[in-house]
Amino acid sequence: MKILAEPIDAVVKFKGKEKPLPYKFRYSDKEELYHEVKIDKVLMIEETKTAGIKAFVYLCQSEINGTVKLYELKYLISDCRWELYKM
Amino acid sequence: MRAIFHIDANSAYLSWTAAAMLEKGYNIDIREIPAVIAGDPKSRHGIILAKSIPSKHYGIATGQSLFEARQKCPDLAVYPPDYDLYMLCSDSMFRILSEYTPVIQRYSVDECFIDYTASQSTYGDPLEAAYQIKERIKSELGFTVNIGISCNKLLAKMGSELKKPDQIHTLYPDEMGKKMWPLPVGELFMVGRATTEKLKRININTIGDLANSDPLHMKALLKSHGLLIWSFANGIDHSEVTLNSKIIQKGVGNSITTSYDVTEKEDACMIILALCERVAMRLRKLGYLASLISVSIKTGEFLSYSHQLQLQSPVNTTSEIYDYACLLFDEGWRGEPVRHLGVSLSDFCLPDSIQLSMFDGYNIEKNRKIDRAVDKIRERYGDEAIIRGIFTNSKVNPIQGGTNEGDFIMMGGYRS
């Protein structure tokens with residue numbers, strides 16, 4: 001997986017005291033076309049604080065164009081924003 | 001025996017920028033190429049704030065001008081500082097350290113002293129704990145630190161300076177002869193350029209030479225500072241690791257390098273007013289009044305001088321401080337173009353013990369009330385929420401001095 005750190009639009013579930021759980025997201029490609037991806041499975045959630053920047057990193061799995069892909073989403077806590085972190 | 005650690009982030013600004021850039025997907029680690037963090041040369045802040053280790057091999061040093069550095073290494077990569085990021089990094093380093101002991105002195109944005117003595121029973125051997133701290137900072141925060149371990153602050157600090165980066169050094173008194181004494185005397189804490197010159201003249205070249213000299217001789221040559229550095233060379237330092245909240249501040253000051261050479265008195269006074277706004281606000285936040293005001297000037301030719309005034313009755317209102325600062329500027333300024341201005345206050349006293357003067361202006365109480373109101377507004381809605389009318393439509397920023405919106409931990413202050 002390569003670090004992309006691309007900002008994305010996300011639909012997220014907030015449930016009680018649990019960490020926010022992404023449901024689906026969309027990202028735009030080089031031609032500025034939107035692609036929507038539904039998250040099939042969240043395999044792991046890790047809290048990171050590299051360079052003091054607090055974030056949750058989600059290892060996710062989805063079927064994209066017929067193939068199952070692993071990728072990481074990142075929620076930047078202080079900025080309240082989502083990134084497609086690695087793919 | 002006490003166990004004191006000195007934790008020092010390796011080329012702090014640069015490695016913090018590097019860690020944040022890697023996290024954002026940048027494919028080069030700027031710690032591994034000739035790179036520097038420097039201010040913007042256009043606003044005349046173009047000096048090197050931090051350098052990577054490869055750029056050191058080109059002879060680039062912190063404090064040099066960017067122009068000079070580019071001549072030494074034309075391919076130098078230059079990145080701007082990000083003070084918000086540095087605060088985050090510094091805070092998170094502090095948070096990790098506070099898991100090991102509550103006795104932490106935040107010496108500057110990238111340096112901390114911790115007293116580990118009482119934590120030994122819980123976290124074990126100092127050396128093992130230091131390795132754990134170092135590795136945790138590296139894996140969790142993405143940057144490396146040097147840790148010096150000893151029985152006092154001075155030796156711990158000297159220890160952390162030994163070999164960089166990502167190293168742990170012990171420097172106990174019995175190791176001084178081997179590890180510290182062979183170093184050039186300029187490496188010793190509190191020995192600067194001027195002192196090094198003076199010591200060289202009497203053939204003191206290494207820390208060992210200084211340690212073995214006669215303390216009376218040192219005192220005769222350099223007064224009390226001579227005795228201090230002689231004690232340091234011998235590893236003697238009895239100071240405690242003091243919590244920053246317990247350190248009594250003795251002065252506040254702010255200064256600014258202007259983006260152009262100031263030649264008009266009116267312009268200079270406006271900059272002084274903007275500096276006074278900041279300085280006076282800090283003074284009032286500390287709850288003190290000051291009776292010594294000093295104005296410093298650096299000319300376009302890099303000649304520095306300052307002028308100070310001892311007041312009969314202490315002050316804390318912005319207007320009064322500004323009046324005195326202008327007076328000092330008027331008296332001190334020799335008419336040359338000015339590139340740097342500073343205002344500082346000291347000789348503090350508490351507001352309950354001041355002597356009222358018969359000659360105080362009639363509106364002092366009024367000014368105090370205004371300042372109180374302005375401080376409250378700024379605290380709640382931000383510094384720019386209320387500014388003086390004189391700054392409308394002017395090029396001068398209404399409140400000057402300090403980085404990170406007046407968070408002075410950058411320069412060794414602390415967060416209240």
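**View 1. The loop of chain A that holds A:Cys80.** In this predicted model, A:Cys80 sits in the loop between strand E7 (67-76) and strand E8 (81-86) of chain A. Helices (H or I, at least four residues) and strands (E, at least two) are DSSP runs numbered from the N terminus. A:Cys80 isn't a glycine, yet its phi is positive, near 55°. Is A:Cys80 buried or exposed? With 8 C-beta neighbours inside 10 Å, A:Cys80 counts as exposed. The cut-offs go like this: 20 or more other C-beta atoms within 10 Å of a residue's own make it buried, 12 or fewer make it exposed, and anything in between is partly exposed, with C-beta atoms placed from the backbone.

A word on names and limits: residues are numbered from 1 along each chain as its sequence is written, while chains are lettered from A and ligands numbered from 1 in the order in which they are written. Since the model is predicted, local features need pLDDT of at least 70 and side-chain atom pairs count only at pLDDT 80 or more, but totals for chains, interfaces and linings use all residues.

**View 2. A positive phi at A:Glu32.** Here's another non-glycine residue with a positive phi, about 60°. Look for A:Glu32 in the loop between strand E3 (21-28) and strand E4 (34-38) of chain A. A:Glu32 is exposed, with 6 other C-beta atoms within 10 Å.

**View 3. Where chain A touches chain B.** On the chain A side, 8 residues are in contact with 14 residues of chain B. Contact here means C-beta atoms, placed from the backbone, that lie within 7 Å. The chain A side has 5 nonpolar, 2 polar and 1 charged residues. In this scheme Ala, Val, Leu, Ile, Met, Phe, Trp, Tyr, Cys and Pro are nonpolar, Asp, Glu, Lys and Arg are charged, and the others, Gly among them, are polar.

**View 4. H12(B) against H13(B).** Helix H12 (residues 265-286) and helix H13 (residues 318-332) of chain B have axes that come within 9 Å and cross at roughly 140°. Axes are lines fitted to C-alpha atoms, for helices over the stretch in contact, and angles run from 0 to 180 degrees between N-to-C directions. The two helices are therefore oblique to each other; under 35 degrees would be roughly parallel, over 145 roughly antiparallel, 65 to 115 roughly perpendicular, and the rest is oblique. Residues that meet include B:Ile272 and B:Leu273 from H12(B), and B:Tyr322 and B:Phe329 from H13(B). By class, the contact residues divide into 12 nonpolar, 1 polar and 1 charged.

**View 5. H4(B) against H6(B).** Helix H4 (residues 83-97) and helix H6 (residues 126-141) of chain B pack at about 140°, with their axes 11 Å apart. That makes H4(B) oblique to H6(B). Among the contact residues are B:Met93 and B:Ile96 of H4(B), and B:Ile133 and B:Arg136 of H6(B). The contact divides into 7 nonpolar, 1 polar and 2 charged residues.

View 6. Which peptide bond is cis here, with omega near -10°? The one from B:Lys164 to B:Pro165. B:Pro165 lies in the loop between helix H7 (153-160) and strand E8 (168-170) of chain B.

**View 7. B:His225 in helix H11.** B:His225 belongs to helix H11 (residues 215-233) of chain B. With 14 C-beta neighbours inside 10 Å, B:His225 counts as partly exposed. B:Val191 is 34 residues from B:His225 in sequence, and their C-alpha atoms are 9.3 Å apart in space.

Note on methods
Contact = placed C-beta atoms within 7 Å.
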